[in-house]
Amino acid sequence: MNVEWMLSREFQQSHPVEATRVLETVGSESSAAYLEEVDLTSAATALRNMEPLSAAHCLSGCPDERVEALLGELPLVMAGRILRVAGVSERQRLLGLAPESAARVLREILNYPEGTAAARMDPDVPAFFEDSKAGRIWKRLSRYERRVGAYIYVVDAESKLTGVMSLRELMTAPPNVELRSVMMKPVDRIEAHARDRAAVGHPAWQRYSALPVVDEEGVLLGVIRYSTFRSMEAGAVARKPETRNAAVALAELYWRSSSTFLFGLLNSLEPRTVPQPKKEEP
């Protein structure tokens, strides 16, 4: 490994976002070659920081075994965004290379249109049956690794969402108690087909840092995390249509210009002593 390669790896690890911007400018072929050489974690980090279309081009240029490894390493919500912008035939090819467990979930995500809650959700959500004992949940949470958020969700035998618990509540619950006895209900939720603006406007965001996504029958599909909510919020504001009429717009423009002039005029005036009238001599 030459000095330039070592320096590039160091830069990618210490400045991942800046390094990704460089990769996006050198072309997908060169970027794919770089992603093939670096370790899997660094390659997945680079893909996560890329624009989805650039990431799709890079992923398509990687060998099949590297694609399989990367799709297994990427968060499923990010992998779904990348595959969504790939061409139809290329998307099917990439799905065929993904690990079976990931491919099954990715197909479910891609069935929902872009701009809906289900297309934005993270499907890797900790969910447990109502009769699960609180004391046994902690060991089972380890399989979610870093994907464990602030809450766990409770479902019935048909996987329908019935309750929610914070990790703090789970920690203080008696070990032998069933989740159905200590869970909170009803649960604030977002419908799978809800559009971005409706999901962003859900009042429960004032109380929770994540909201579950359910289908028409109430089956738990995934969760929208706060980081995703913030990106959706920014997009919704950017796409907000202009609904004011011309009269209102002109009135606001007039008020802004008039008020600016008046405040500037007032600030320029120095306080002066009011002259007293002279006394006339008798």
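**Close-up views of a predicted model**

**View 1. Arg120 and Asp196 form a salt bridge.** Arg120 and Asp196 are both buried, where buried means under 20% relative accessible area, exposed means over 50%, and partly exposed lies in between (1.4 Å probe, protein chains only). This is a predicted model, in which local features need pLDDT of at least 70 and side-chain atom pairs count only at pLDDT 80 or more, while totals for chains, interfaces and linings use all residues. Residues are numbered from 1 along each chain as its sequence is written, and side-chain values use heavy atoms, with hydrogens and water left out. A salt bridge is a side-chain nitrogen of Lys or Arg within 4 Å of a carboxyl oxygen of Asp or Glu. For Arg120 and Asp196, the closest N and O atoms are 2.9 Å apart. This pair links distant parts of the chain, with Arg120 in helix H10 (residues 117–120) and Asp196 in helix H14 (residues 196–200), 76 residues apart. Helices (H or I, at least four residues) and strands (E, at least two) are DSSP runs, numbered from the N terminus.

**View 2. Arg180 forms salt bridges with Glu130 and with Glu178.** The side chains of Glu130 and Arg180 meet at 3.7 Å, N to O. Glu130 lies in the loop between strand E1 (127–129) and helix H11 (134–141) and Arg180 in helix H13 (residues 179–182), so this pair ties together parts that are 50 residues apart in sequence. Glu130 is buried, at a relative accessible area of 17%, and Arg180 is partly exposed, at 39%. For Glu178 and Arg180, the closest N and O atoms lie 2.6 Å apart. Glu178 counts as partly exposed, with 27% relative accessibility. The structure holds 10 salt bridges.

**View 3. Strands E2 and E3 run antiparallel.** Strands count as paired if DSSP finds at least two bridges between them. Strand E2 (residues 151–155) is joined to E3 by five bridges. Val155 stands opposite Leu161 in E3. The hairpin of E2 and E3 has five residues between the strands, and in this hairpin Ser159 takes a positive phi near 65°. In strand E3 (residues 161–166), six of the six residues are buried, so E3 is largely enclosed by the rest of the structure.

**View 4. Ser60 sits in helix H5 (residues 52–61).** Ser60 is partly exposed, at 26% relative accessibility. Contact means heavy atoms within 4.5 Å. Leaving aside neighbours within four places in sequence, Ser60 is in contact with Glu90, Arg93 and Leu94. The C-alpha atoms of Ser60 and Leu94 are separated by 7.7 Å, and the two residues are 34 residues apart along the chain.

**View 5. The protein has 16 helices and six strands.** Of its 282 residues, 40% are buried. Among contacts in the protein with a separation of 6 or more, 62% come from residues 24 or more positions apart. The accessible surface of the protein is about 17,300 Å², and carbon and sulfur atoms account for 54% of this area. Accessible areas come from the Shrake-Rupley method with a 1.4 Å probe; for residues, only the protein chains shown count as cover.
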